[in-house]
Amino acid sequence: MVLIDQDASGPGGSDQMAMMVMLQSPQVKVLGITVVSGDQWQPEEVQHTLRMLELIHRTDVPVVPGALYP
């Protein structure tokens, strides 16, 4: 079981790709994803993450906005 916590650099960034690998692995159960500001602002990265989940048919995974500022 895994809780993913990161800045979700996207769309199509390395963070998004790493999340897709984990989300599609039969060996990993992702409990949720928290997204904080990092390479981009948190609201934008939350939207990128939600769209990625739609594309891979994993809208069952909750996405929770984290810190906007450090």
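Visitor: What share of the contacts in the protein chain with a separation of 6 or more comes from residues 24 or more positions apart?

Guide: In this predicted model, such residues account for 69% of those contacts.

Visitor: What makes the radius of gyration of the protein chain agree with that of a compact globule?

Guide: The rule takes 2.2 Å times the number of residues to the power 0.38. For 70 residues this gives a radius near 11 Å, and the protein chain has 11 Å, so the two agree. Along the principal axes, the C-alpha atoms fill a box of roughly 35 × 20 × 20 Å.

Visitor: How many of the residues count as buried, and what supplies the exposed area?

Guide: Of the 70 residues, 40% count as buried, the limit being under 20% relative accessible area. The protein chain exposes about 4,400 Å², of which carbon and sulfur atoms supply 59%.

Visitor: In what order do the elements of the protein chain run?

Guide: From the N terminus on, the order is β-α-β-α-β, with two helices and three strands in the secondary structure.

Visitor: What is the handedness of the crossing in which H1 passes H2?

Guide: The crossing is right-handed. Gln16, Met19, Met20 and Leu23 of H1 make the contact with Glu45, His48, Thr49, Met52 and Leu53 of H2. The axes of H1 (residues 14-24) and H2 come within 11 Å and cross at roughly 35 degrees.

Visitor: Why is the meeting of arginine 51 and glutamate 54 called a salt bridge?

Guide: The term requires a side-chain nitrogen of Lys or Arg within 4 Å of a carboxyl oxygen of Asp or Glu. Here the distance from N to O is 3.1 Å, so the pair qualifies. Side chains of opposite charge can pair when their charged atoms come close.

Visitor: Where do arginine 51 and glutamate 54 stand in helix H2?

Guide: They are three residues apart in helix H2 (residues 42-55), and therefore separated by about one helical turn.

Visitor: Why is arginine 51 called partly exposed?

Guide: Partly exposed covers the range between the buried limit of 20% and the exposed limit of 50%. Arginine 51 has 44% relative accessibility and therefore falls in that range. Glutamate 54, at 44%, also counts as partly exposed.

Visitor: How many salt bridges does the structure hold, and what distance applies to aspartate 60 and arginine 58?

Guide: The structure holds two. The side chains of aspartate 60 and arginine 58 meet at 3.0 Å, N to O, and this lies within 4 Å, so the pair is a salt bridge.

Visitor: How is aspartate 60 classed by its relative accessibility?

Guide: Aspartate 60 has 54%; exposed means over 50%, so aspartate 60 counts as exposed.

Key. Residues are numbered from 1 along each chain as its sequence is written. This is a predicted model: local features need pLDDT of at least 70, side-chain atom pairs count only at pLDDT 80 or more; totals for chains, interfaces and linings use all residues. Side-chain values use heavy atoms; hydrogens and water are left out. Helices (H or I, at least four residues) and strands (E, at least two) are DSSP runs, numbered from the N terminus. Buried means under 20% relative accessible area, exposed over 50%, partly exposed in between (1.4 Å probe, protein chains only). Contact means heavy atoms within 4.5 Å. Accessible areas come from the Shrake-Rupley method with a 1.4 Å probe; for residues, only the protein chains shown count as cover. Axes are lines fitted to C-alpha atoms, for helices over the stretch in contact, and angles run from 0 to 180 degrees between N-to-C directions. A crossing is left-handed if the near helix is turned anticlockwise from the far one by less than a right angle, and right-handed if clockwise.
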